[in-house]
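Please look over the sequence and the structure shown here before reading on. The report below is written for someone meeting this model for the first time.

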Amino acid sequence: LAQSPNFKPAHIYLGRVYGHFAVQTEDGKILDEAITHFLKASLLDPADPESLFHMGRLYMDVKKYSAAEDQFEKVIKLNENYPLIHYYIGSANFLQGGKDNLERALKAGKIETQKNPNLAGAYILLGKIHKTKAEKETTPREKRVQFELCKQEYQKAVRLRPKDVSLYISLVSCYVGSGETDSALQIIKQFVKGEGTSGYAELYQLQGKIYEMKGDYQSAGVAYERYFGLNPGAPDRGQIENRLKPYYQFKKDP
């Protein structure tokens, strides 16, 4: 910039660098510096939405979700097909929360799946939205409806990312929410059979919870012991052992 003050890419990269430090340090002055560079880049080339997009991402990172959405909307006005822009609009609204924001997030997520049906991100977002709506519902019927929609979205995401254990955990939680505990257990068993046990402590934690819900405390204890084996420092270990103490004798660590 010392040689070429109007070199747009340098302003964008400096904005991203300052933005990174602003997030790490929570320093408002550094955040302002990042925004200044993004604005300069935008003024140098008003038809290019890249700097606006990065500004929106930065606002999301510092939890200024309304400001983020404003920038993303400006991006759409310049380029409706900007990569993943509807996903980010949906994410900003989802993170902001509130009934109206959830509906806007839902709408944006659906648009993204239409534009990019082979990318898992939007399906994951829609799954989170439906799970959140299910948890807010007061009637059992509406809860089941939302959990069913949650399942459908995570199933699509799993087909695109079949090795992502976090998606299986989310999918199983939707099955549990809809009362389909047997199906939830089957999904866990199939995944573990295909992938092995190493590194998937959360799956065994969830398996233990499901068996506990069903009143099968022996199976719950076995699952929890596998969970403890993979996560020796599990923060909920004491609570789990106390709950199952009347029904299951946990092995002592060597």
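## The kind of model

The structure is a predicted model, and the residue numbers used here count from 1 along the chain as its sequence is written.

## The largest pocket

The largest pocket holds about 220 Å³ of space. Its lining is made up of Gly 15, Arg 16, Gly 19, His 20, Val 23, Gln 24, Phe 38, Phe 53, His 54, Arg 57, Leu 58 and Asp 61. The elements that contribute two or more residues to this lining are α1, which spans 8–25, and α3, which spans 50–61. The largest share, 6 residues, is supplied by α1. Sorted by class, the lining of the largest pocket comprises 4 nonpolar, 5 polar and 3 charged residues.

## The second largest pocket

The volume of the second largest pocket is about 180 Å³. Its lining consists of 10 residues, and those that lie nearest the centre of the pocket are Glu 241, Lys 245, Gln 249, Phe 250 and Lys 252. By class, 2 of the lining residues are nonpolar, 2 are polar and 6 are charged.

In soluble globular proteins, nonpolar side chains tend to be buried together. In this model, the largest nonpolar core has 39 residues, and the ones with the most contacts inside it are Val 172, Ile 210, Tyr 224 and Tyr 227. Two or more residues of this core come from each of the helices α7 (120–136), α8 (140–160), α9 (165–177), α10 (181–195), α11 (201–214), α12 (217–230) and α13 (237–244). The largest share of the core, 8 residues, is given by α9.

## Salt bridges between parts of the chain

Side chains of opposite charge can pair when their charged atoms come close. Across the whole structure, a search finds 12 salt bridges. In one of them, Asp 48 pairs with Lys 8, and the closest N and O atoms are 2.5 Å apart. Because Asp 48 lies in the loop between α2 (28–44) and α3 while Lys 8 belongs to helix α1, this pair ties together parts that are 40 residues apart in sequence. Lys 8 has a relative accessibility of 18% and therefore counts as buried, the limit for that class being under 20%. Lys 8 and Asp 48 also belong, together with Asp 45, to a network of salt bridges.

Glu 212 and Arg 243 form another salt bridge, with an N to O distance of 2.6 Å. This pair links distant parts of the chain, since Glu 212 is in helix α11 and Arg 243 is in helix α13, 31 residues apart. Glu 212 is buried, at a relative accessible area of 16%, whereas Arg 243, at 39%, is partly exposed.

## A salt bridge within one helix

Glu 148 and Lys 151 are joined by a salt bridge in which the closest N and O atoms are 2.8 Å apart. The two residues are 3 residues apart in helix α8, so about one helical turn separates them. Glu 148 counts as partly exposed, with a relative accessibility of 32%, while Lys 151 counts as buried, with a relative accessibility of 5%.

## Two individual residues

Gln 207 is found in helix α11 and is buried, with a relative accessible area of 7%. When neighbours within four places in sequence are left aside, Gln 207 is in contact with Leu 185, Ile 188, Lys 189 and Ala 223.

Val 165 has its place in helix α9. Not counting residues up to four places away in sequence, Val 165 touches Phe 191, Tyr 200 and Leu 203. Val 165 and Phe 191 are 26 residues apart along the chain, and their C-alpha atoms are separated by 8.4 Å.

Technical notes. Predicted model: local features only at pLDDT ≥ 70, side-chain atom pairs only at ≥ 80, totals over all residues. Heavy atoms only, no water. 1 Å grid on protein atoms, 1.4 Å probe; cavity = no way out; pocket = protein on both sides within 12 Å on 5 of 7 lines; lining within 4 Å. Points joined across faces, edges and corners; volume = space filled by probe spheres on them. Helix = DSSP H or I, 4+ residues; strand = E, 2+ residues; numbered from the N terminus. Nonpolar A, V, L, I, M, F, W, Y, C, P; charged D, E, K, R; others polar. Core = buried A, V, L, I, M, F, W, Y, C linked by side-chain atoms within 4.5 Å. Buried < 20%, exposed > 50% of the residue type's maximum accessible area, 1.4 Å probe, protein only. Salt bridge = Lys/Arg side-chain N within 4 Å of Asp/Glu carboxyl O. Contact = heavy atoms within 4.5 Å.
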